[in-house]
Amino acid sequence: MALYGNALPDFPWDSLRETRDQAARYYAGEVDLTIGSPVDPVPEVALAALAEAANAHAYPAAIGSREMRLAIRAWLRTHRSCTADIDLLPALGEKELVAMLPALLGLGAGDIVAFPEVAYPTYDVGARLAGARPLPLDVESDPSLWPAGIKLLWLNSPSNPTGRVLNTQQLRRIVTWARRTGAIVASDECYAALTWTDAQAPSLLDDAVTDRDATGLLMLYSLSKQSNVAGYRAAFIAGDAHILAPIREIRKHSGMMMPGPVQHVMAKVLADTEHVERQKHIYARRRELLVEALPEAGLMNDPQNVAGLYLWVRAQDERSDVGAWELVQAFAQIGVIVAPGTFYGVNEQARRSVRLSLTASDTDIRDAARRLRTQFRMPS
């Protein structure tokens with residue numbers, strides 16, 4: 001019997017070992033701007049909620065507590081402009097759902113799972129785990145030109161790694177296509193609270209997108225990014241109740257239950273906006289420091305990078321043929337570790353870009369910006 005692992009690509013982060021060793025030899029030490037794992041403290045509202053619910057002696061409900069479900073619905077109305085008739089389920093972190101959703105939907109051999117051509121690698125992995133065919137796709141292109149047979153389309157807006165945002169008109173076109181073809185659309189919106197312009201990142205479930213009809217549509221969200229609780233594994237999926245009903249039964253049978261204390265944390269955290277704004281200001285300052293340093297290093301951030309926790313960086317000279325791994329090595333020469341764009345796709349944009357995370361400490365971000373301004377050397 002074939003094992004799932006035989007069908008999976010190599011874990012991309014393992015390929016950075018030599019780069020990490022090189023950066024560690026830098027005289028002032030390394031600065032890691034790769035994985036977007038929060039470094040700032042868990043907000044007080046979450047700590048207090050966890051303490052309140054610590055006496056968790058009973059099994060939690062797989063579908064989530066009434067308190068948590070009401071909090072998610074209120075949050076969807078207020079922050080995602082969703083008043084459609086939907087259902088929802090808690091999840092043990094978003095990555096679990098991303099990796100397992102194609103299988104939970106019953107997809108397999110012969111089914112196509114599409115996702116943005118530059119994207120978080122787990123969309124591809126989830127398709128492979130289910131035995132389906134992964135298909136990178138330009139989700140900003142005309143849906144009428146997309147191939148037939150797509151059963152599940154992943155969206156990620158704001159995007160990891162590019163920071164690009166799909167607008168309401170683009171989302172409406174995709175919904176129209178999905179209703180014509182019968183495809184399910186799942187939108188990963190975990191960076192939606194972190195936008196860097198006046199424009200917002202609309203949700204797939206926004207009434208202006210769906211006309212208050214969530215048929216065929218799913219939205220995933222996580223507290224990891226907006227609230228620094230990645231270690232709590234607090235996320236949820238919301239949308240078409242008919243799609244979620246069998247998934248709910250599978251989760252009940254398999255014991256996939258979010259711990260009761262975490263459910264209480266989610267309810268309290270979603271109702272509090274102050275800590276989200278405070279954290280957003282912290283990331284905005286870090287982002288400004290790095291963006292301002294890039295031109296002096298001969299680099300530029302993608303002009304459409306307007307949201308999320310990453311910069312999407314390439315050579316400032318549009319004629320340059322400097323590749324992602326060459327840039328990774330140049331960063332390592334100054335002790336800074338970044339992720340090559342080829343972790344996220346194979347098109348020209350990915351081959352020429354690197355991703356820089358804003359989740360390092362203030363001290364490390366300032367140090368990285370200083371090294372970029374004074375020591376970075378563009379590969380020839």
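Analyst: Here is a short walk through the pockets.
This is a predicted model: local features need pLDDT of at least 70, side-chain atom pairs count only at pLDDT 80 or more, and totals for chains, interfaces and linings use all residues. Residues are numbered from 1 along each chain as its sequence is written, and side-chain values use heavy atoms, with hydrogens and water left out.

User: How much space lies in the largest pocket?

Analyst: Rolling a probe the size of a water molecule over the atoms shows where empty space is left. A pocket is an open set of points on a 1 Å grid where a 1.4 Å probe fits, with protein on both sides within 12 Å along at least five of seven lines. Volume is the space filled by probe spheres set on the points, joined across faces, edges and corners. Here the largest pocket holds about 1100 Å³.

User: Which residues lie nearest its centre?

Analyst: Lining residues have an atom within 4 Å of a point. The largest pocket has 41 of them, with Trp13, Lys95, Tyr120, Pro121 and Thr122 nearest the centre. Elements giving two or more residues include helix H4 (94–104) and helix H5 (122–130). H5 gives the most, 4 residues. Helices are DSSP runs (H or I, at least four residues) numbered from the N terminus.

User: What about the second largest pocket?

Analyst: The second largest pocket holds about 360 Å³. Its lining has 20 residues, and His79, Arg80, Ala192, Ala193 and Gln200 lie nearest its centre. Helix H3 (66–79) and helix H11 (274–293) each give two or more residues. H11 supplies the largest share, 3 residues.
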